Amino acid sequence: MTLAVRVPRELSARVPAEQRGPGLDRDAVRLLVSHGTEVSHHAFRELPRLLRAGDLLVVNTSPTLAAAVDGRMGHARVVVHFSTLGDDGRWAVEVRDPDGAGTTRARKSSRARSAPRKGGGRRAGVPADAEVVLPGGVRLVLEEPLSARSARLWWARVSGPSVLGMLRVHGRPIRYSYTERDQPLSVYQTVFAVPSADGSGSAEMPSAARPFTERLVARLVSRGVLFAPVVLHTGVASAEAHEPPYPERFSVPGASARLINGVRAGGGRVIAVGTTAVRAVESAAGPDGVVRAASGWTDLVVTPERGVRVVDGLLTGLHEPEASHLLMLEAVAGRAAVDRGYEEAVRGHYLWHEFGDVHLVLPAKTTHPERCDGNQE
């Protein structure tokens, strides 16, 4: 799915909302609400009155890691983005070039530094068996691409001290070129983040939850809105190619599964906070729509053809017009709704990316008494 809209560069959110002026907090962003093709404009702080008692928000509690670290590959300076820890102890990593402006760019194809493909072609960017030297005595050997469809991410064998320990000391949050400057890791943690017992987490922030504050969560609870925590440790996004997501670790606890099923049985709406929450809960749902406790790896890609079994709505950031995540939005609300919402977002000068505004995507309004709009106090 590719949208017809063009997003001007000036609509990229370059700094977090709380840094745009005195007295602002994370929730000082805008909220676009789509009920099917009917669109309305709000402040994010209005969310409690846009939901109703009995609605449930599924939230991802994965913490964000300082997953970017400087290194060397031969004589070249590189930046390694750590994506996912495999069951065999290897890490999926992306090796990128520093761009001279504090961020990175994808490594270009080069016969001198590319490994042969099966069939005689060349893989872009890095050679197999290349070694990357990192701070603290950590070394990576790149063994094989994570997927046959792309050589962006590689499985790397690690030697030396713990990667997670190295990242805590030498790492920084992954940052892309549309942002203005480096930010501390705390800026990339959501209010729902819970440290993992083994130190694992997400390579990139589950950013749809970023505008929530403790005060806003308290207002939602007092409104009667419920919360179901799940975990999905997000990998490194495809900033240039907009590839579908790779397999990621997830967990849906039994208590959350029971709560989701109970809300659905009672006619409440299950609204996922972010595409990561959708992927987790839909991975735990059977063909009958019943959610069961589950954990492990998920390779689920939610598309309009697959549809959604559990999720009634999605609170999400604004994605690039080519992003694969838009297929998930279409699965929830339909293509016409997504087209209409994004046209309004551009027309209304909403801000894009992880520090930007957010979009609440819901099915078209209905007059059924149990599925009515939640605007009424």
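Trainee: What makes helix α6 largely enclosed by the rest of the structure?
Mentor: Seven of the eight residues of α6 are buried, so the helix is largely enclosed. Buried means under 20% relative accessible area, exposed means over 50%, and partly exposed lies in between (1.4 Å probe, protein chains only). This is a predicted model, in which local features need pLDDT of at least 70 and side-chain atom pairs count only at pLDDT 80 or more, while totals for chains, interfaces and linings use all residues. Residues are numbered from 1 along each chain as its sequence is written, and side-chain values use heavy atoms, with hydrogens and water left out.

Trainee: Which residues of α6 are buried, and what covers them?
Mentor: Leu326, Met328, Leu329, Glu330, Ala331, Val332 and Ala333 are the buried residues of α6. Their cover includes α5 (275-283), β15, α7 and β16. Helices (H or I, at least four residues) and strands (E, at least two) are DSSP runs, numbered from the N terminus. Just after α6, Gly334 takes a positive phi of about 100°.

Trainee: How do α6 and α7 cross, and why is α6 called oblique to α7?
Mentor: The axes of α6 (residues 326-333) and α7 (residues 335-347) come within 7 Å and cross at roughly 120°. That angle makes α6 oblique to α7. Angles under 35 degrees count as roughly parallel, over 145 as roughly antiparallel, 65 to 115 as roughly perpendicular, and the rest as oblique. The axes are lines fitted to C-alpha atoms, for helices over the stretch in contact, and angles run from 0 to 180 degrees between N-to-C directions.

Trainee: Which residues make the contact of α6 with α7?
Mentor: On α6 they are Leu326, Leu329, Glu330 and Ala333, and on α7 they are Arg335, Ala337, Val338 and Tyr342. Contact means heavy atoms within 4.5 Å. By class, the contact has six nonpolar, no polar and two charged residues. Ala, Val, Leu, Ile, Met, Phe, Trp, Tyr, Cys and Pro count as nonpolar, Asp, Glu, Lys and Arg as charged, and the others, Gly among them, as polar.

Trainee: How do you know that β16 is mostly covered?
Mentor: Five of the five residues of β16 (residues 358-362) are buried. Val358, Leu360 and Leu362 point one way and His359 and Val361 the other way, and all are buried.

Trainee: Which strands are joined to β16 by bridges?
Mentor: Five bridges join β1 (residues 30-35) to β16 in parallel, with Ser34 partnered by Val361. Four bridges join β15 (residues 313-317) to β16 in the antiparallel sense, and there Leu315 stands opposite Leu360. Two strands pair if DSSP finds at least two bridges between them.

Trainee: What makes β3 mostly covered, and which strands does β3 pair with?
Mentor: Five of the five residues of β3 (residues 56-60) are buried. Leu56, Val58 and Asn60 lie on one side and Leu57 and Val59 on the other. β3 pairs in the parallel sense with β11 (residues 226-233) over five bridges, where Val59 stands opposite Pro229. β3 also pairs in the parallel sense with β13 (residues 270-273) over three bridges, and Ala272 is the bridge partner of Val58.

Trainee: Which residues of α2 are buried, and which are exposed on the other side?
Mentor: The buried residues of α2 (residues 163-170) are Val163, Leu164, Met166 and Leu167. They cover an arc of only 160° around the axis, which puts them on the same side of α2. The arc is that of the directions from the helix axis to the C-beta atoms. Arg168 and Val169 are exposed on the other side.
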